[in-house]
Amino acid sequence: MKRRIAHLDMDAFYASVELLRYPQLRGQPVVIGGRRLSRPDNNARAEDFARLRDYAGRGVVTTATYEARRFGIHSGMGIMKAAQLAPDAILLPADFDAYRHYSRLFKAAVARVAPLIEDRGIDEIYIDLSELPGDTEDIARDIKQSVREATGLSCSIGVSPNKLLSKICSELDKPDGLTILQAEDIQTRIWPLPANRINGIGPKAADKLAGLGIHSIAELAAADLGLLQAHFGGSYAAWLHAAAHGRDERPVVTSSEPKSVSRETTFERDLHPRLNRSELSRIFTDLCMRVADDLARKNVAGRTVGIKLRYEDFQTVTRDSTLPDPVIDGAQIRRAAGECLRRVPLDKRIRLLGVRIGSLCPRSEAVASTDAATQGELDFSE
Amino acid sequence: MHLLTTTRDAILAPLQSVAGIVEKRHTLPILSNVLIEKHGEQLTMLATDIEIQIRTTTAGDLGGSDASLTVGARKLQDILRALPDSAEVNLTLDDKRLTVKAGKSRFALQTLPAADYPRMNLPEGEGTRFQVTQKTFKRLLAQVSYAMAQQDIRYYLNGLLVIVDGGELRMVATDGHRLAYAAAPIEADLPRTEVILPRKTVMELARQLGDADDALEVVLAGNQSVFRFGPIELVSKLIDGKFPDYERVIPQNHPTTITFDRAPLLSALSRVAILTSDKFRGVRLVLEDGLLRIVSSNNEQEEAQEELEIDYHGDALDIGFNVTYLLDVLNNVSHEQIEWHLADGNSSALITVPGNAHFKYVVMPMRI
C-alpha cells in the first residue's frame, strides 16, 4: 500500500505562543531568549517591553518571529549580535512551561484526527496518514484546523510517501503551509533544492559535497556512488544516494524510549580550568548529580558517559566512554565523566560544560550487576 | 596486465600476517583494503588501522609486471582460503580491477589507488633499541597480557607497560583489580625507558611471534614502537598516558606463604567455577589447619566444594576472590609450583613462582 506520511512543524513556535499572550506585539519583530529578564504583564503596552538594544549578557536567541527573521536573526545567535541587526526588536524571556503546555495541546488536537503520531520534539511530529480514509489534502486541512482551534496557532504540514520527503516539504510553504508531494514530483520539486535541505546533511557534509561540485539534490542524485563512497564511507554514501532519490523506508515510531539524558550549563563568565578549578569542579559534580536524578526519574541506567565542553572561542568538544556496566549514581557518573575530562585539552577558558548519559537500559539491569561493588580495587594512590 | 603467478600459500601466508589488524568498520573506506606491491620477485603487503601498521616482504618466483594496488583484505583472504591448497593463483590488474584466477575460478575485485593508502611514518631518531628472542618476548606477553583492562575509562590500562632498564625487560598489566608483572634479562645496557603498548598491538604480537630463539628487534622512539621479526615489520603507536606506579601495590611482607602444585589447584578452581554465574564470579577460599576448602554457590542455591591439603598452620582465614582472576594466572604460568602470599581477608594476595623473582601477580579479594 502507498504510504502517506505527514510532517507537521509549528510555525515559530515559542514566539507564536508568546504572541498569544501578548497580542499587542503582533506584526513586530520579537525575539525569545535570555534567562533573567522579568516578564511583562499580559496587557503591558508595547513601549514597556525590553528591547534588544538594552540587553547585556551572553544569552542566545531561542526563537524569533518571522518579522525578526527578516533582519537576519535566527535561533542560536547571540542576543548581543541580534541587537546589532535589530536594536528595536522586542526581547522576551523563554517560558518553557507555557511552550510545553501548548505542545501537549497541539499534539492532542492532531491525535483526534490522526492517532499514529511520532513525537519529534516540542514543536514537530510525524503522522502516518496511510490508513485514514479520504483525500490527503482534506485530512491535512482537518489537522491544521484542529490545531488552530485547540491552540490558536498555525503550523506547516508536508505530506509525501516518507518521512524524509515530508520533512523537506513542510519547510517549502512556511508559515501556515501545506505541501503535498507524490513520488513522481521528486524531480521537479525536490531536486532543484540545495542538498543541505535533506535532514541528515549537516554543514560539514554539505561543505564536503560542495567541494565535489555537488550543490543541489539533483546533483547529488546524479553523483557516482563510487565517488560518494570514497569520500563518505559505504553506509553514509548509500544513504545519501537513497535520500537524493527520495527513498526512505523508516516507519513512523509511535512510542519511544529516551535515548539519552543530559544536563549542561553556560557559565555566567568563562572559567579557567586551573584558576577556577574548585568552582568548575563543584559545577561539574552538580551536573553529574542532576543527571543521576534524571536517570532515577526516568527509571533507567546508562552505560555511556559523555562530556561536552565549549571553550571561550566557541570551539566545542565532546568525549564519551562506554562502561562495562550501566551506572546510576552521581559518584559513578562523576568518576567516568572525570576520566573523559582528562582526554580534552584544558588550556583555554570554558564557557559551557555538559554531562550526558547514553546507552540507556532499565534500571534493574544496573542494580543486578553488583560484582563491581564487592571486588576490591588495587590502591595505586600516593 | 599480468601481475604474478604463484602458489596460493605464497600469497595467502603474507596476507594473513598483515590482514589481522584490518578493522571491519571504518570511516575511511580504503582502510578495509590491503596494500600489495609487486616489485620484481618481491611481494610486499601492508595493512594499517592508523594505530598499527604491519608490513611483510617475501620473495619468490612470481613472473609478471610490477605494480602497486590496494584491494579488500577480507575478500581476498576469503577467496584464497576457499581455493584448494594446491591451487596455482594468477593475479592480473586491468582498468582498476584485480582479477584472481585459479583453475576454473575467476574473481574480479575493485581496487583503490596505492598512492591513497595511508602509511605510518617510521619514528625518527635513534630511540631505544634492543634485541630479544621471540620466544622470551612471547612468554612475557603470555604471563601478563591477560591482566590488561578492556575498554576501561582509564585508557592507559587498556594496554601493557613495557620497561627496559639496564639489562632487563619488564612487562606489567593491570585492570585495577589484579596486576601481573614479568621480567627477563636481555643482552643490553639501556637507559630506563617506559612505554604503554595498546591492547591490539599486544594481541597481534602474541599471535604472530614464534616460539623459537629467532630474533625480535624492538625500537621504542617518540610515540611509536617498531617490532621486526622474520619477514614482518609491525609499527604501533603508543598509549600516551601515565601508567600507575605498579611497585606500590606489590605487597612486600605478607606473613603467610603457602606452596601449591599448580595443576591440582587449577583443576579444583575450574570445577568450583562451574557453579558461579557470569554476573558473580566469586569463590571463597577457607584456610584451616592443614586444609584449604574452596567453596562457591550461585543464586539458585547450588553449591560446590573442593578440598586441598596444604602446609598451613595459622588462624582460620576466609577470603573471597573472583575465580576468573585466579584461573587466569594459573593458566598462564607454566611452572610446576606457585607460592601464595597472604595477610588477611581484606588484603591483596601475591602469587609468585618459587625461587624466581621474575614473576609476580597481585589480586585484590572480593567481599562475599
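Some ground rules. The model is predicted, so local features need pLDDT of at least 70 and side-chain atom pairs count only at pLDDT 80 or more, while totals for chains, interfaces and linings use all residues. Residues are numbered from 1 along each chain as its sequence is written, chains are lettered from A and ligands numbered from 1 in the order written, and side-chain values use heavy atoms, with hydrogens and water left out.

Start with the interface. Here 27 residues of chain B are in contact with 25 residues of chain A. Contact means heavy atoms within 4.5 Å. The two chains bury about 2,200 Å² between them, and 54% of that is on carbon and sulfur atoms. Buried area is the accessible area (1.4 Å probe) that two parts lose on being put together, summed over both. On the chain B side, B:Ile153, B:Arg248 and B:Lys279 lose the most area to chain A, together 28% of what that side buries.

What kinds of residue does chain B bring to chain A? Its touching side has 14 nonpolar, six polar and seven charged residues. For these classes, Ala, Val, Leu, Ile, Met, Phe, Trp, Tyr, Cys and Pro are nonpolar, Asp, Glu, Lys and Arg are charged, and the others, Gly among them, are polar.

The interface does have four residue pairs in polar contact, both residues at pLDDT 80 or more. A polar contact is a pair of N or O atoms within 3.5 Å; within protein, one must be able to donate a hydrogen and the other to accept it, and residues adjacent in sequence count only if both atoms are side-chain atoms.

Now the whole structure. The search finds 46 salt bridges over all chains. In chain A, take A:Glu124 and A:Lys167, with N to O at 2.8 Å. A:Glu124 sits in strand S6, A:Lys167 in helix H6, 43 residues apart. Helices (H or I, at least four residues) and strands (E, at least two) are DSSP runs, numbered from the N terminus.

Is A:Glu124 buried or exposed? Buried, at 16% relative accessibility. The cut-offs: buried is under 20% relative accessible area, exposed is over 50%, and partly exposed is in between (1.4 Å probe, protein chains only).

Over to chain B. B:Glu233 and B:Arg55 meet in a salt bridge at 3.7 Å, N to O. This pair joins strand S14 to strand S4, 178 residues apart. B:Glu233 is buried at 8%. B:Arg55 is partly exposed at 34%.

Next, B:Arg178 and B:Asp328. Their closest N and O atoms are 3.0 Å apart. B:Arg178 is in strand S11 and B:Asp328 in helix H6, 150 residues apart. B:Arg178 is buried at 5%, and B:Asp328 is buried at 18%. Salt bridges with shared partners also join B:Arg55, B:Glu126, B:Arg129, B:Glu217, B:Arg228 and B:Glu233 into one network.

Last, strand S9 of chain B. Its covered face holds B:Thr128, B:Phe130 and B:Val132; its uncovered face holds B:Arg129, B:Gln131 and B:Thr133. Why the every-other pattern? In a regular strand, side chains alternate between the two faces of the sheet.

Methods. A salt bridge is a side-chain nitrogen of Lys or Arg within 4 Å of a carboxyl oxygen of Asp or Glu.
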